[in-house]
Amino acid sequence: DKGLAVFTSGGDSQGMNAAVRACVRMAIYLGCKAYFIREGYQGMVDGGDNIQEANWASVSSIIHRGGTIIGSARCADFRERAGRLKAANNLVQKGITNLVIIGGDGSLTGANLFRQEWSSLLDELVKNGSITAAQQEKNSVLHIVGLVGSIDNDFCGTDMTIGTDSALHRIIEAIDAISSTAYSHQRTFIMEVMGRHCGYLSVVAGVISEADYVFLPEYPPPTDWPDKLVLKLEQERSAGQRLNIVIVAEGAMDREGNPITAEDVKKVIDERLKHDARITVLGHVQRGGNPSAFDRILACRMGAEATLALMEATKDSVPVVISLDGNQAVRVPLMECVERTQAVAKAMKEKRWADAVKLRGRS
Ligand code: F6P
């Protein structure tokens with residue numbers, strides 16, 4: 001009679017639906033009640049129809065759909081204890097003490113705080129008469145498991161986050177398309193690629209599209225980057241290349257920590273080369289569309305493993321994130337991953353780029 005709820009939080013990513021489906025179906029298979037929480041933490045706080053029991057059929061025909069069918073939101077209310085108290089009441093009323101959170105590090109950190117506060121929240125709910133002592137006793141421990149859904153691949157502890165591979169497919173399709181028109185007109189295209197503070201999408205896209213130059217947050221170029229860029233583009237043209245592709249990660253910066261934008265790069269090219277240079281900002285196209293085969297299977301495996309981890313959890317188990325390690329879906333302590341991810345952000349802020357790369361590890 002265990003109740004398990006799954007929700008998606010923060011920015012969406014392709015493959016989230018496949019993960020939701022796997023969590024729900026594995027829960028039903030194991031004999032638990034499965035629930036969706038719609039609109040992320042906001043739905044948990046607001047309760048009502050946002051928390052709905054799911055059945056086998058309610059997750060049919062979603063494995064191939066991008067985004068998240070149960071909605072996602074950034075929620076200010078959950079940052080306050082009052083919001084978390086409401087959320088705890090809504091969960092206890094439905095007998096839900098197992099949560100799968102599909103989101104980024106902020107969402108997972110929030111869930112861990114909620115888990116730590118759970119017993120004091122329940123004490124307060126008993127005191128104000130919202131729940132009975134029997135309900136408190138029955139729901140005394142909250143178990144949580146995280147799945148990382150993000151196109152950025154910026155989370156420490158997993159080789160790949162759900163959505164990254166699909167985003168790379170979107171990016172490379174766009175660069176291939178741009179390249180054919182660039183070739184015809186001998187143009188230079190500057191492509192702005194997402195990834196927030198992480199250059200993973202940009203560096204991989206750069207390698208697999210034969211880009212001439214890539215600007216990344218983790219490897220800020222020296223101050224003479226305009227000379228180096230101009231030299232490289234000239235060399236390629238004089239070797240017979242009819243086009244140039246330059247990739248600028250949205251978080252790219254110089255060694256002073258000042259942003260380097262696609263406009264900055266275009267300005268250099270316009271002023272110093274006689275190229276017809278154009279900017280393409282790929283934007284949310286990268287986060288849209290159907291998940292790739294890789295993301296679907298990754299999400300299926302991670303979702304099933306998340307439910308298994310919850311069903312096996314005891315009151316002393318530490319919360320985990322389901323990660324990809326080589327080709328294995330493994331359980332890694334959630335706070336270890338969150339702390340490492342935050343240490344990367346700190347190192348980047350303090351301009352310790354090499355440390356950031358080292359801390360981030362394999363991915
Ligand atoms: O984290 C995913 C991501 O798409 C980043 O790459 C990007 O910086 C950000 O989200 C955009 O967020 P929003 O959709 O809220 O504008």
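Modeller: In this predicted model, α3 and α4 are roughly perpendicular to each other, because their packing angle is about 75 degrees; their axes are 9 Å apart. On the scale used, 65 to 115 degrees is roughly perpendicular, under 35 roughly parallel, over 145 roughly antiparallel, and the rest oblique. Axes are lines fitted to C-alpha atoms, for helices over the stretch in contact, and angles between N-to-C directions run from 0 to 180 degrees. Helices (H or I, at least four residues) and strands (E, at least two) are DSSP runs numbered from the N terminus.

Contact here means heavy atoms within 4.5 Å. On the α3 side it involves R81, R84, L85, A87, A88, N89, L91 and V92, and on the α4 side L113, F114, E117, W118, S120, L121, L122, E124 and L125. Eleven of these residues are nonpolar, two polar and four charged. The classes are Ala, Val, Leu, Ile, Met, Phe, Trp, Tyr, Cys and Pro for nonpolar, Asp, Glu, Lys and Arg for charged, and the others, Gly among them, for polar.

Residues are numbered from 1 along each chain as its sequence is written. Local features need pLDDT of at least 70 and side-chain atom pairs count only at pLDDT 80 or more, while totals for chains, interfaces and linings use all residues; side-chain values use heavy atoms, with hydrogens and water left out.

Aromatic rings of Phe, Tyr and Trp (its six-membered ring) pair if their centres lie within 6.5 Å, with planes under 30 degrees apart called stacked, over 60 edge-to-face and the rest tilted. The count by this rule is six aromatic pairs. One of them is F78 with F114, edge-to-face, at 5.1 Å between centres and 70 degrees between planes. F78 lies in the loop between β3 (51-54) and α3 (81-94), F114 in α4 (residues 105-127), so the pair links distant parts of the chain, 36 residues apart.

R340, A343, V344, A347 and M348 of α11 meet W353, D355, A356, L359 and R360 of α12. This contact holds seven nonpolar, no polar and three charged residues.

Next, the sheets. Seven strands form an open sheet of mixed pairing, ordered β3-β2-β1-β4-β5-β10-β11; strands pair if DSSP finds at least two bridges between them. β3 and β11 (328-333) are its edge strands, each pairing on one side only. Neighbouring strands are turned by 30 degrees against each other on average, direction ignored. Four bridges join β2 (residues 33-37) to the antiparallel β3, and Y35 stands opposite E53 in β3. Helix α1 (residues 16-29) lies across β1, β2, β3, β4 and β5, at about 180 degrees to β1. Helix α10 (residues 293-312) lies across β1, β4, β5, β10 and β11, at about 140 degrees to β10.

Another open sheet has four strands in the order β7-β8-β6-β9, with parallel pairing. β7 (213-215) and β9 (276-281) are at the edges with a single partner strand each, so one side of each has no neighbour in the sheet. Its twist averages 15 degrees from one strand to the next. Three bridges join β7 to β8 (residues 244-249), and F215 stands opposite V248 in β8. Helix α6 (residues 164-185) lies across β6, β8 and β9, at about 165 degrees to β6. Helix α9 (residues 262-272) touches β6, β7, β8 and β9, and its direction makes about 175 degrees with that of β9.
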